[in-house]
Amino acid sequence: MGEFVVVRHGATEWSRSGQHTGVTDLPLLPEGEEDGRRLGPVLAQRDITHAFVSPRQRARRTAELAGLLDGGIDTAIEPDLVEVDYGAYEGRTTKEISAELGRPWSLWSDGTAPGDTPGETLQQVAERVDRVLEKARPMLADGDVAFVAHGHVLRILTARWLGLDPSEGRLFALATGRYGTLGHEHDRPALTGWNIGCP
């Protein structure tokens, strides 16, 4: 039985500045490209047979640099792995949002607000990642399955794999260019590795 390998894309201008990046399709920074290259040899040591990749260019480029778009892996672009739609909070930092509201703001407890896009609730994102997990779960019989996507959506996916409310994604901080593993212990879903950097 394989594991899910949860990979956050490499660094972008907004991930470095702390701006929320949902629908904005930013490229990787040079150091973000290096993140992808560093992931390659580490992921090559695993038996990854399938990969699901967010359609955003920062995720697709990370997957490419990490070797997950090579012919030996069954790779699919998965729209349900796009980042949370932050609505009015797109491109803004937590500090800026908190200052506007006059109180501390957190995605996990306060959610998004409508703006140029409607924004999403955590439950709506959970419904998306639940579909991905349902699709990918049978593939674990063949080996590992990689998900290459974004910080918040992968944290919600992790919470859902563990049977937790999507708001519990707050517990699973995941830096750019890092990965985690989701597997089983005694046939129950378990977190088997997290926020792992590459040399």
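The report below turns to the basis of the model, then to aromatic pairs, and then to a histidine.

## Basis of the model

This is a predicted model, in which local features need pLDDT of at least 70 and side-chain atom pairs count only at pLDDT 80 or more, while totals for chains, interfaces and linings use all residues. Residues are numbered from 1 along each chain as its sequence is written, and side-chain values use heavy atoms, with hydrogens and water left out.

## Aromatic pairs

Rings of Phe, Tyr and Trp (its six-membered ring) are paired if their centres lie within 6.5 Å, and the planes count as stacked under 30 degrees apart, edge-to-face over 60 and tilted for the rest. The count by this rule is 5 aromatic pairs. One of them is the edge-to-face pair of Phe-4 and Trp-161, with 5.0 Å centre to centre and 80° between the planes. Because Phe-4 lies in strand β1 (residues 4-8) and Trp-161 in helix α7 (residues 151-161), this pair ties together parts that are 157 residues apart in sequence; helices (H or I, at least four residues) and strands (E, at least two) are DSSP runs, numbered from the N terminus.

Ring pairs also join Phe-4, Phe-52, Phe-147 and Trp-161 into a cluster.

## The setting of His-150

His-150 is found in the loop between β4 (144-149) and α7, and at a relative accessible area of 1% His-150 is buried (under 20%, with exposed over 50% and partly exposed in between, for a 1.4 Å probe and protein chains only). The side chain of His-150 makes a polar contact with the side chain of Arg-58 at 3.3 Å, where a polar contact is a pair of N or O atoms within 3.5 Å; within protein, one must be able to donate a hydrogen and the other to accept it, and residues adjacent in sequence count only if both atoms are side-chain atoms.
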